[in-house]
Amino acid sequence: MSTQRPRPAWRPRWRSAGQRLLLLACAIALLAAVRYWPREPLLAGVPWSTAVYDRDGRPLRLTLASDGRYRLPLPLDAMSPQLVEAVLLHEDRQFHLHPGINPWSLLRGAARTFVVADRRVGGSTITMQLARRVYRIDSRRIPGKLLQAARALQLEATYSKREILEAYLNLAPYGGNVEGVGAASLVYFQRRAASLPLAAALALAVVPQSPARRQPATDNAALLRARAQLYDEWARRHGRSAPSEASLATPLQVFGVRDLPFAAPHQVQAVLAASAHAAAQPGPAAEITTTLELRTQHLLERQLQGFVSRQRRFGVSNAAALLVDVDDLSVVASVGSASFFDATIAGQNDGTRARRSPGSALKPFIYALAMDQGLVHPMTVLKDTPQSFGAFTPENFDGDFAGPVTVQDALIRSRNVPAVAVGARLTQPGFHSFLRSAGVGELQSERHYGLAIFLGGAEVTMREMAAMYAMLANGGVLQPLQDVASSGASSAAGVRLLSEGASYITLDMLAHNPRPAQAFLNGAVRQRGPAYWKTGTSTGFRDAWSVGVFDHYVLVVWVGNFDGRPNPAFVGVQVAAPLMFQVIDALRAAAPAPRVSAARPAVSVDRPASMLRPPASVSTVEVCADSGDLPNAACPRVVRTTFIPGVSPIRASNLHRLVRVDQRTGLQACAGAPAEFVRSEVHEFWESDMLEQFRRAGLPRRPP
């Protein structure tokens, strides 16, 4: 007879180990499906601010999010570990242990609120606080509190602890319209959240519990009391230290929204616009680290404002300047106008991106192209005489003509007629094609400009001008300007537009341009190393330019009016060049030991221009000073010049010729004339227009 008890009807029929394992596996699969099912990030759809920094991490601007709040997205790794630990210590010590709710905290909070009734205590975990903000739950009543707890459990089942903590720290309230530790660190302490000291981290940790009462301020007693209590808890874990206690005893230096920086407004605005345009889809805006140097930016702004103030009596009311590092083409400083907030000069317009007539500032590239095409070398003699090119008859700025001038003198003295004559001889690539390849935008057709393109007929921006002069310093390789700092090398490949030899020779010619007379730094002008520079004046005195390569920089300066009003004072060499050298002197005074780049043998900051290291493609040769060609036996004076072997036009001079003269007649002697009546004389064989120019200059030549 069996003693086995009968199975109750309600008891499950499966009791095997396999069945239990199957049930466990199903439960695990269900939890995994909940956790890893594709879902939106916790912070999806939240509008964000953007923080912009200079290259050394100094804040330049913090923008408002679209909902009018300062809220900056930061990953957990970009936050101070001390701040994260302090928040957990103050808000939720059991965060990593509970499933989203802490029953003991809820009971204790209910007792303090409804039984003791000394003050309202919520007892919410960090997850519950996040649920309230994400799902906009009113948790002041019991139904809302229950919904908040349910949502917290849902968050814990769906997201990891790290994701929940990161989201909370990005959304926590910090008083006013400031949310998240990223924005709070910048607003209240003007520091990134990763570099907060302990005193500041403890202060921020206690704010979200009562943001209205504890909003950071230097004399906020409620904040200081809460911070002191939190430090006591901190000290129990980490021990007390004299430096920590000294920093907490020091008055808390706190800033506010009104103290947020608004630096380099033109450049920052452009970087923000470019970042928004480049974004493939809306989402959290990353922090932007620009290539700007804030100290140099401020120096440039001071120099422009001071110069405009001193020159205001001459009608100068606006200027712009751009400083670029030629090593990596990074924009170090950019000032778009003399005063961003001055509406009378349209100060919010960015002069560095405005298209203006460059005048003679582009002439170096005419001669550089001509050297690459074998048309000239620095001592080639050109004719600065009245000339017509079809219907176009160019004139010089001074209304006069200089007669024979070398290429170097024609460039330095900005003679228009020789520049047009050389430019008209260019083959492909012509000057118009060169400008297009150099990145000059919005060009009209070549026929639209005609020969006026050689005199500044095509408008360019200061940024385009800086890139082209940096190309000379980099051996003829053009690269785009960089506005945003990159951890690696620039991804943009350079394009060679000029040979290394032509670039070097062009810079060498510009080094002979004499500096304008001016007093600076109490009358003591600092001259350390050469500057390779050129000026430009637009037709009608609307724009004055000066561009210089020095040390490891390219500096572009513009003086004018955004509305195009002319002013006879707007002459490049008279107004823009003094401003440019004032900035150069200030930069050199601020940095007595400039960095020298070994990558640019064409530019040396420690040696005079005559000692520049030429590239292997450049040689020197003696030429006749009056003709620019190889001297013959009759040439009275020779000079040395640089040239590109196999390219430059080096030929024998025939300007000076030895002529046999019959003393009896004063005419050229016949072959059979008696030797006692013949003498040899050296004559210069100039063309008739050159002889006329000598006569007009009071230096007549005796025709042979």
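**Exercise 1. The second largest pocket**

Find which strand and which helix each supply at least two residues of the lining of the second largest pocket.

*Solution.* 
Step 1. Strand S12 (532-537) and helix H20 (572-590) each give at least two lining residues. Helices (H or I, at least four residues) and strands (E, at least two) are DSSP runs, numbered from the N terminus. This is a predicted model: local features need pLDDT of at least 70, side-chain atom pairs count only at pLDDT 80 or more, and totals for chains, interfaces and linings use all residues. Residues are numbered from 1 along each chain as its sequence is written, and side-chain values use heavy atoms, with hydrogens and water left out.

Step 2. On a 1 Å grid over the protein atoms alone, a pocket is an open set of points where a 1.4 Å probe fits, with protein on both sides within 12 Å along at least five of seven lines; lining residues have an atom within 4 Å of a point.

Step 3. The lining has 30 residues, and the closest to the pocket centre are Ser360, Phe397, Ser414, Asn416 and Thr537.

Step 4. Sort by type. The lining holds eight nonpolar, 16 polar and six charged residues. Here Ala, Val, Leu, Ile, Met, Phe, Trp, Tyr, Cys and Pro count as nonpolar, Asp, Glu, Lys and Arg as charged, and the others, Gly among them, as polar.

**Exercise 2. The disulfide**

Identify the cysteines that form a disulfide, and say whether each is buried or exposed.

*Solution.* 
Step 1. Search the whole structure: one disulfide turns up (cysteine sulfur atoms within 2.5 Å).

Step 2. Name the pair. Cys624 and Cys635 form it, with sulfur atoms 2.3 Å apart.

Step 3. Cys624 sits in strand S15 (residues 619-624) and Cys635 in the loop between S15 and strand S16 (638-643), so the pair ties together parts eleven residues apart in sequence.

Step 4. Check accessibility. Cys624, at 1% relative accessibility, is buried. Cys635, at 12%, is also buried. Buried means under 20% relative accessible area, exposed over 50%, partly exposed in between (1.4 Å probe, protein chains only).

**Exercise 3. The largest nonpolar core**

*Solution.* 
Step 1. The core has 78 residues. A nonpolar core joins buried Ala, Val, Leu, Ile, Met, Phe, Trp, Tyr and Cys residues through side-chain atoms within 4.5 Å.

Step 2. Helix H18 (residues 462-473) gives the most, ten residues.
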